[in-house]
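I opened the notebook to record what I looked up in this structure. The entries follow the order in which I checked things.

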Amino acid sequence: MSYINNGRSSQILALKTRITTLQEELDFAGGTTPAMDRCYDNQETITGSCKEHGDFNQLRIWMKFSGRMSEKFSRCPHCVSAELEATKNEMRALQVEGLTEKANIPDRFADCSFENYEAANKSAHRNLEMLKAYAKVWPKMYDAGTSLILSGKPGTGKNHLAVALAKSVIEKHQASVLLTSVMRIIRAVRRTWEKDSERSEEDVISLYTSMDLLIIDEVGIQYGSESEMIILFDIMNTRYERMLPTVLISNLAPGEISQVIGDRLTDRMVEGGGATLVFDWPSYRSTKGAPAV
Ligand SMILES: Nc1ncnc2c1ncn2[C@@H]1O[C@H](COP(=O)(O)OP(=O)(O)OP(=O)(O)O)[C@@H](O)[C@H]1O
Ligand SMILES: [Mg+2]
Ligand SMILES: [Zn+2]
């Protein structure tokens, strides 16, 4: 598995280098000689011809060195632009692939999107629009560390929309996202306390506190001991201090969430424009006969 990822990382690295080169070529086509070619001390503009795009202003630079002439020509700017765009797309696709793999999206939710969420009522519609808007202006949300709470009844599509949000910020903005739950976090931390654990508690905590967006499900259920819950709060708090957005999902009503995670943390969660989206209608599972979880 990891060798595949390494393959992808080196591919991304190669594409990055290619993008830098193409950008330099594009600058050259626009009249700026790349720094490494400044030794060419003569230049002129001639008319170049591209099979596809016709005539273009071509830059020719040259120098004479011990009786020999060395010269370079700029390429058709349209061709270079197209190559640059295609290379950027290729890199983006690889990044999205890698980020999606790491996001931990459960198979049963893999197809969930904003498009296939049916807003059954006004509140559902409002929540859908809020999350779509959040994804759309992700760079702003990220800068402000805007967090969200999705609170409400079972089967109302909280996970569906959280997955849609995750996929959207990965695809549109190449953000690093992780979907997890209180139980998973506690289990991961607990495993580090075992004698032969390869990872330290700090490793695990730093994974959760470094993702651009962390989505934590099942908030409000007391799974662990007090010390384990403290670690969970520590993760949320560290993210708050680093101004990193977190999305909490809970079956509890907003007031009850405050009781469980504390008013201070709840306030912090919705600071910076954050909001609590309430999902308070009957389960989609029963109304649409969707497979029960
Ligand atoms: N409005 C909707 N439109 C389309 N599918 C929906 C909608 N609401 C829920 N679903 C689907 O119903 C199933 C249950 O939804 P989901 O797991 O997102 O609910 P939930 O609010 O997280 O529930 P719980 O609180 O029990 O975890 C999923 O397969 C989801 O895709
Ligand atoms: Mg759920
Ligand atoms: Zn061309």
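**Entry 1: a strand pair.** I began with methionine 63 and found that it stands opposite serine 70 in strand 3. The model I am reading is predicted. I then looked up how strand 2 (residues 54-65) and strand 3 (residues 68-73) are joined: they run antiparallel, with six bridges between them. The two strands form a hairpin, and two residues lie between them. In that turn I noted serine 66, which has a positive phi of about 35°. I also wrote down a general point: side chains in a regular strand alternate between the two faces of the sheet.

Entry 2: For reference, the ideal angle for four tetrahedral donors is 109.5 degrees.

**Entry 3: ligand 1.** I counted 16 residues around ligand 1, and Glu118, Lys158, Asn159, His160 and Asn251 come nearest. By class, I found five nonpolar, seven polar and four charged residues in this shell. Which helices each supply at least two residues of the shell? They are helix 5 (158-173) and helix 11 (284-288). Helix 5 gives the most, with three residues.

I then went through polar contacts of ligand 1. A nitrogen atom of the ligand lies 2.7 Å from a backbone N or O atom of glutamate 118. At glycine 157, a polar backbone atom is 3.1 Å from an oxygen atom of the ligand. At lysine 158, an N or O atom of the side chain is 2.7 Å from an oxygen atom of ligand 1. I looked up the ligand's area as well: taken alone, ligand 1 exposes 620 Å², and the protein buries 88% of that.

**Entry 4: threonine 17.** Where does threonine 17 lie? I found it in helix 1 (residues 2-29). Its side chain reaches the backbone oxygen of leucine 13 at 3.0 Å. I also looked up the separation of threonine 17 and leucine 179: they are 162 residues apart in sequence and 32 Å apart in space, C-alpha to C-alpha.

Definitions and conventions:
Residues numbered from 1 in each chain as written. Chains lettered and ligands numbered in written order. Predicted model: local features only at pLDDT ≥ 70, side-chain atom pairs only at ≥ 80, totals over all residues. Heavy atoms only, no water. Near = heavy atom within 4 Å. Polar contact = N/O pair within 3.5 Å; in protein donor to acceptor, adjacent residues only side chain to side chain. Areas by Shrake-Rupley, 256 points an atom, 1.4 Å probe, with all protein chains shown as cover. Helix = DSSP H or I, 4+ residues; strand = E, 2+ residues; numbered from the N terminus. Nonpolar A, V, L, I, M, F, W, Y, C, P; charged D, E, K, R; others polar. Pairing = 2+ DSSP bridges.
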